[in-house]
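Colleague: I would like to learn how to read a few features of a protein model. Could we go through them one at a time?

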Amino acid sequence: MSGPLHGAVALVAGATRGAGRGIAVELGAAGATVYGTGRTTRRQRSDYGRPETIEETAELVCAAGGTGIAVQVDHTVPEQVRDLVRRIESEQGKLDVLVNDLGGEHLLDWHKPIWQQDLDMGLRRLRIGIEAHMITAHHALGLLSRRPGGLVVELTDGTAEHNERHYRGELGAFFDVAKVALHRLARAEGEELAPHGGTAVSLSPGWLRSELMLDFYGVTEENWRDALAAEPHFCISESPHYVGRAVVALATDPQVARWNTRSLSSGQLAGVYGFTDVDGSQPDCWRYALEVRDAGKPADPTGYR
């Protein structure tokens, strides 16, 4: 095993599918040991009701060149997170990278004002999308802060700039509040880690071709462009590996502290570090969203990927 992150230890909280899986695999490709957590195993499915498992993610990490370790954890349960971090400390003695990708993306009540949304579902989203991030940070950052150079990445949806300009009304208030809160959490973590030589950022992928999204459009990663007939702006979409490569770029940057407390996106970082998506392109989704989609212009990724 070799790579720029050989010897590094990462925890990807929420690695079963989507961005979490893409990040775990790319960290593995860079040589890291990756603890990937989630609730769905080969023996037990979560309320997502989807087939992807944390064991599959761990196998993909190993196949990419890293060491993948699957651990079933519900990050809304503090005792489970505490035991996870104690295990990492016992087995590895350190934690270099924490990626918080806990979102509850299946908990959506589309196109409804807050008074018509399912309250239990909305509160569950806040519990997963905010509380679970803070529970994980509470237990993990003590270990991560022991050595200079630690990195925390809070995965969210939308850059701070975009979310400041636009309310994500189609997805509802609970979604919007959960995603915006993570920018502030990264700010808090960054301020508190800086004296210990650590860095924290919020990071948003673009329009992600997750397993959930591909199924929604009835396409695969191989023929995803067929979805453009139904949604032309899907032309700016990106694979989960793209945001994974963004995390690797941050984790391998000896001057990563320059980003501390910042809101970042995969497309923005690709322009700085030069990495590409799996097809060799560099989609810049959130710039496209502001300048094309939100401006009411026809779909055209020219100059944006």
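Colleague: Is C285 buried or exposed?

Modeller: Keep in mind that this is a predicted model. C285 has a relative accessible area of 8%, and buried means under 20%, so C285 is buried.

Colleague: How many disulfides does the structure hold?

Modeller: A disulfide is a covalent bond between the sulfur atoms of two cysteines. This structure holds zero disulfides. C235 is in none, and its nearest cysteine sulfur belongs to C285, 9.4 Å away.

Colleague: Which way do the residues of strand 1 point?

Modeller: In a regular strand the side chains alternate between the two faces of the sheet. Here V9, L11 and A13 point one way from strand 1, while A10 and V12 point the other way. Five of the five residues of strand 1 (residues 9–13) are buried, so the strand is largely enclosed by the rest of the structure.

Colleague: In what sense does strand 1 pair with strand 2?

Modeller: Strand 1 and strand 2 (residues 33–38) pair in the parallel sense, over five bridges. From strand 1 the chain passes through helix 1 (residues 18–29) to strand 2, a right-handed β-α-β crossover.

Colleague: What is the bridge partner of A10 in strand 4?

Modeller: In strand 4 the partner is V97, and in strand 2 the partner of A10 is V34. Strand 1 and strand 4 (residues 97–100) pair in the parallel sense over four bridges.

Note on methods
Residues are numbered from 1 along each chain as its sequence is written. This is a predicted model: local features need pLDDT of at least 70, side-chain atom pairs count only at pLDDT 80 or more; totals for chains, interfaces and linings use all residues. Side-chain values use heavy atoms; hydrogens and water are left out. A disulfide is a pair of cysteine sulfur atoms within 2.5 Å. Buried means under 20% relative accessible area, exposed over 50%, partly exposed in between (1.4 Å probe, protein chains only). Helices (H or I, at least four residues) and strands (E, at least two) are DSSP runs, numbered from the N terminus. Two strands pair if DSSP finds at least two bridges between them. A crossover is right-handed if, with the strands pointing away from the viewer, the path from the first strand over the helix to the second runs clockwise.
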